[in-house]
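Notebook open, model loaded. I want to look up one residue first and then the chain contact around it.

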Protein chains: 2
Amino acid sequence: MRTSRPGGFATSWLLVALLSVSHVTTASAETGYDAWLRYAPLDPAARDRYASLPRQIVLLGESPVLRTARDEVVRGLTSMLGAPVTAAVTRGRDPVVLLGVLPRVRDVLKDAAIPTQIGADGFWLGTLATRQGAIVVVAGGSERGVLYGAFALLRRIGAHEDVTRLNVREEPSAPIRWINHWDNLDGTIERGYAGRSIFFEGGRVVDDLTRVRDYARLLASIGINALTINNVNANPQVLTDAFVPQLARVADIIRPWGIALSISIDFSSPRRIGGLDIFDPLDSRVAAFWQDRVDAIYRAVPDFAGFVLKADSEGRLGPSAYGRTHADAANVIARALAPHRGVIFYRGFVYDHLMDWRNPKNDRARAASDNFRPLDGLFEPNVVLQIKHGPIDFQVREPASPLFGALQKTNQAIELQITQEYLGQQRHVCFIAPMWKEVLDFDMQARDGGTPVKQLVTGRVFVRSLGGFVGVSNVGRETNWLGHDLAMANLYAFGRLAWNPDTTSRQIAEEWTKLTFNDRPQVVETIVGILLDSWPAYERYTGPLGAGTLTDIIGVHYGPGIESSERNGWGQWHRANGTGIGMDRTTATGTGFVAQYSTPVATSYENLATTPDELLLFFHHVPYSHRLRSGKTVIQHIYDTHYQGAEDAAGFVTRWRTLAGSIDAERHASVLARLEYQASHAIVWRDAITAWFRWVSGIPDTAGRVGNYPGRIEAESMSLDRFSNGAVIPWETASAGLAALCSAGGTCTARHRYQGAAGTYDIAVQYFDESDGTATFTIAVGDRQIDRWVADAQFGSGAPNGHTSTRRTIRAVRLSPGDEIRIEVNATAPDSGALDYIEITPAR
Amino acid sequence: MRTSRPGGFATSWLLVALLSVSHVTTASAETGYDAWLRYAPLDPAARDRYASLPRQIVLLGESPVLRTARDEVVRGLTSMLGAPVTAAVTRGRDPVVLLGVLPRVRDVLKDAAIPTQIGADGFWLGTLATRQGAIVVVAGGSERGVLYGAFALLRRIGAHEDVTRLNVREEPSAPIRWINHWDNLDGTIERGYAGRSIFFEGGRVVDDLTRVRDYARLLASIGINALTINNVNANPQVLTDAFVPQLARVADIIRPWGIALSISIDFSSPRRIGGLDIFDPLDSRVAAFWQDRVDAIYRAVPDFAGFVLKADSEGRLGPSAYGRTHADAANVIARALAPHRGVIFYRGFVYDHLMDWRNPKNDRARAASDNFRPLDGLFEPNVVLQIKHGPIDFQVREPASPLFGALQKTNQAIELQITQEYLGQQRHVCFIAPMWKEVLDFDMQARDGGTPVKQLVTGRVFVRSLGGFVGVSNVGRETNWLGHDLAMANLYAFGRLAWNPDTTSRQIAEEWTKLTFNDRPQVVETIVGILLDSWPAYERYTGPLGAGTLTDIIGVHYGPGIESSERNGWGQWHRANGTGIGMDRTTATGTGFVAQYSTPVATSYENLATTPDELLLFFHHVPYSHRLRSGKTVIQHIYDTHYQGAEDAAGFVTRWRTLAGSIDAERHASVLARLEYQASHAIVWRDAITAWFRWVSGIPDTAGRVGNYPGRIEAESMSLDRFSNGAVIPWETASAGLAALCSAGGTCTARHRYQGAAGTYDIAVQYFDESDGTATFTIAVGDRQIDRWVADAQFGSGAPNGHTSTRRTIRAVRLSPGDEIRIEVNATAPDSGALDYIEITPAR
């Protein structure tokens, strides 16, 4: 960052007027709604640092986006500085913050040391000495650039950075910085974990778009420029004349934030809503249909961004119905969009989900390249291939998709999932930036000289003007948008990386923490530490060594479910059996997937000795006795990492507790509750994965932990009244495979006569919180009730299993030998009020 | 057999009269209802052999049982000889068949060479030369003995044996020759596979007891002398005053057949129907309750046989509720029965079904001996311990229960299951006599000199007067009693072995075949061959080497379900994992079960080298690579035997077909249908077991069969309309783990374009016949419908799995390359009309 040289120059103000500003921040409880745009009042010491900051904001020019930028600066500074800040059109004597697009700024501040050029969406922040004193300039390469510059300025102040000598030019890495939503028109969200859709309800756009506006503001602050609001598994109704006005309403509300509207479309729309009996992309009537619909949309939404299309994938209809190619499909729609400068994103997530799992040569990982590499060069210029970051589906660890390196004549964007579908579903903290960085920084060696994925998707390597980043988000109506306050770091990180993929995870985490909480060193250190440790921890207690997340891949994608990956056509196979684990994807003996990479990368993955341990099982099938670089066997690594991961998760609780009093009580409590839940669910994961591998491999844990749970009393071996014993499916998700089920109605009772030493203990109750009803649990010691709670959470499953397994810990309970510990359950059918075990451990 | 010497002696007939006889056999279709008591008319050649047989039947004495004996002889001879046979009380000149108890016979036939003594229930058959010519004498050691002698005479004639020189004395091996039924008062039958109860309906005894009478006749013909008519999981209502008259009705109808009534009782009856708040066997009010109820029963049924009691087992209440012993429980009831000379059978089937499966020392097999051995000598003299033949539960292969050799001062009876609960449920042919014989002939070496189980249970070894055999039968309202005509051989065999356990399986099979079908050598050879090969075949395609049946042990107990045995408290563990299989029950390293046997037996089982292969996995856990005496590895043995077993089952069809024209068409067709079904279900078993072990072990089949199914096309990879793909649970019960489900209503269509060589083929359609609805299947080649059927069978499961997997084969279909094979399914919900695969093989 260079410091601007002060210098004399003329200002030529036009007129002065106080303008009303609509946003006023009032002190209120911290709900998470404001996320990183809290503009928390600075403490007096910090405030002094910004004493010289101008309190008048002058906007050059007039447009919705420019007004937004100006108003945001007024709002932010007012709130943070705790002093009146006014919007003005002035040639007064006071210093100002001046906002405008570059030509207007240069016109006003002639001869000033201002860049002569700024890329579209870029901005320049500068401090200039004038006769009125130091003014602050926010110059944009476009109106949107002004808005981004305004947010950048506020971000610096929010993070307590010095703004007295600004001279910063920033330009985004790529033009595509989009967010996709998988919201359905009925208000549900596919993979939604934070309430219903903010966009839709009952088949229509919601009446009150306040949350959409506030969401757009969050997105604008991190540089997002387009928003696809409906599910890629699209309802064709979005293209009808009846629906277009509703789209226009959304477009109107997000437009002032520099965000353009986009929708997902159904490829069979010509047949489903177009009155045709065909949707063949080479049929002229089909082409006419698309042109007609595109034109209709642009009449209502002139700045419409374009479409996202999922075709021939997971049951969606596509061009294969007529023997046409993906290029045929994309191009017919692209040609309709081109006159309006719209684009179409064609999803590369195309694979056969009915693959024969018994054929050792079949491999879903091959699908993207197999499908699209032969089509390189055949797509229209306004087609973008939207490619998931890995070859499977957002697993906890995957290599970069080889398709990034294989397309030289096709626009591409990387699809990153902000939604923690396979990463704990926002009930677990899992900061994904480090995972994304691994992929973005991975050198595909597509040609000489280094070709990291980030340079491929931004179009730098093969000189494509259209490229970038698509994030899949599932914000919902929960006040804090994503359910977990810490999950917002992922949304933030996506925007920041799309803007500049060279940013480090730590930089992002620090910035986000300061803005979202505060900048006390202990707070920043603790929260950044938890964030940076969270993905490694999640990986440790879920899927090891690149084998996949090891969750139930058929349905909920949440709790453990090892065998769900196997013996079906979905292709998320890890091939674990009694002797070994891993997918052999080598060229020599496996599926040949590795040959989709460039030769140097392929050579590395082909060879067991040069494959990184963390991706070992993605590329190779090895016996459990195979030794990793650490010297451990694969099986012992599985045991050890799962115990380590569960300890890591427990550590997050301890670390978070140290923040009491250092951050607001509201979010401290709500995050603590999630972290405590996570720590207990990490135990479910740990026990499930280790028990299954212990069983199938027949190899004991050298540390003796697996299968040995001190203090644990299985519900099925307690003295039961009205409970029945039931097998849990999959078995590894219940301790000892069994639970006590309270399915008969009435009050079920489980009793245990404590026979250990007298003392103070924590009692953990492991039960199943099914989504299909409620169950009330009470626990008593003798005639003393020590806890009571209602299990009514929604984990997406109505059965006892790894999704619903939940722990309640009652701390510091006095126990004496002979005490009866009694648990009573009242369940409303069909909830089975299932109990797994209790665990009595010395109080912590 | 000695030939009686003709000699002169006086006959002193009293009077002559023609008596009406109620039974007349009329020619009718062969329904199986008459079982082995068909009394088929002899062909002329055979009839000549019996030309000299007396046609007048004279009964000495008068009682219901004696009249039954006389009438049966009239009925049998009339039918077989095709000539008038009359009952007479005569001193006429014609030769007669003379029936009576020994003293009466000796009184009439003074000086004749007739045994001076015949044991109770025994008989003597003799041919004596008199002045009127050769008379035939049936002398009984009791009235029941006369009846048994009458049946024995008819059996000889039915089997075309010579009766001109009879001199045969037979006595039963033991006084206990009982049949248990698991019929519920509501008319259902626990483990019933042949229709509803013949005894009960709607909480009462049925009005029409005709079938009970005819069933009693069948049982009498094989020497059964008591019948327990209700489920051991007993309804306490059977003991109420309201119910006793109904019991009396059953007793009255079976009494003429020499069969005494017995019932199963609920140990908590004092509390449930007795107005007490207690059922403690040591409480005097409880004792009074039992005495009161027993007295009430004996007032209505003076010859009541006694009770069967299942207590403290599988959730039934028992003496443990009060800390009392099984002896306490049995004795309180025994003392009530003793004055009436009634007995109580206390079931040894007591085990903890909530055992912790993770404890390698736990072992259900230990339970019977652990529970009862310490009580030896503590039971009242009219208590009989009823012991299942093996230590687990009627699995396809078990060692003899060690308890047989452990009780020296307790009456015991062996419980054999005629019901094919774990042996194909009467849909598969499985002749159990050879299995029973293995146990009965097994030398427990309980003391020097040889102590086979048969001599222990009959009381010979430890000189107990009360001992014998209990068979569990599940005849139902299906016309042929057990559903499968060949299953009746098991009921027959049970009676014959209870009478004389030294009889060979072949003898029994031959006798039964001649009586049930006919005595043509080809017929006898074929059917006896199938019967004797059937248990080995069933074992081959189900559970190998003593591992258990490998069926779903939780619910239906029918189709394959390997992992159902594991990870639950039921204790039918085989401990199969990725590296090996088997329960280590040795003393050195296992559960110590082997130490329950006498030292020589224990030594043999303790040692891997001396354990017979067929019980290897019952006693030892071995790696899959362990070599059997055959030189094969365990895993290859599993593969090979399963293929062999399926071939055996296919061979039964071929062999049975050769009988067309040699037996009646009705039963030929009905048995053929069952054998064809069995052959197809054996393939389900074969594929499920081999696929699972192939998966878990990772060891391929050296013969390359497992996982390689020529001509098979998976439904899920056909061109599907309205079908959805679904996982089948457990996965190994569907080919490739998946099925196409027609759950959405309407007509689902699966299409396959045939691309093989032109020719004539058999097309097998593998589908799932769920019990929860019907599904109509049609199959067409091009526009030619080649078959149509309705799947409405009852396999006890409403899901696609190993129980419901069913095959339909359309034979000799012309196929040409390009032909479309089309299967349409219409299912009524909730039936999923599931389709597994089709298989196209050259026409046989």
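Predicted model: local features only at pLDDT ≥ 70, side-chain atom pairs only at ≥ 80, totals over all residues.

**Entry 1: contacts of B:Asn577**

I started with B:Asn577 and skipped its neighbours within four places in sequence; what remains in contact is A:Trp695, A:Val696, A:Ser697 and A:Gly698 from chain A, plus B:His621, B:Tyr624 and B:Val696 from chain B.

Next I checked where B:Asn577 sits. I found B:Asn577 in the loop of chain B that runs between helix H16 (521–541) and strand E18 (580–581).

Buried or exposed, I wondered about B:Asn577? B:Asn577 is buried, because its relative accessibility is 9% and the cut-off for buried is under 20%.

**Entry 2: chain B against chain A**

I get 25 residues from chain B and 25 residues from chain A. The two chains bury about 2,000 Å² between them, with 56% of it on carbon and sulfur atoms. On the chain B side, I see B:Arg358, B:Arg567 and B:Trp695 supplying 32% of the area buried against chain A, more than any other three residues.

**Entry 3: polar bits**

How many salt bridges are there between chain B and chain A? I count 2. One I looked up is B:Arg358 with A:Glu714, where the closest N and O atoms are 3.6 Å apart.

Helix H20 (residues 665–697) of chain B gives the largest share, 4 residues. By type, I list 10 nonpolar, 10 polar and 5 charged residues on that side.

Terms used:
Residues numbered from 1 in each chain as written. Chains lettered and ligands numbered in written order. Heavy atoms only, no water. Helix = DSSP H or I, 4+ residues; strand = E, 2+ residues; numbered from the N terminus. Buried < 20%, exposed > 50% of the residue type's maximum accessible area, 1.4 Å probe, protein only. Contact = heavy atoms within 4.5 Å. Buried area = accessible area lost by both parts, 1.4 Å probe. Salt bridge = Lys/Arg side-chain N within 4 Å of Asp/Glu carboxyl O. Nonpolar A, V, L, I, M, F, W, Y, C, P; charged D, E, K, R; others polar.
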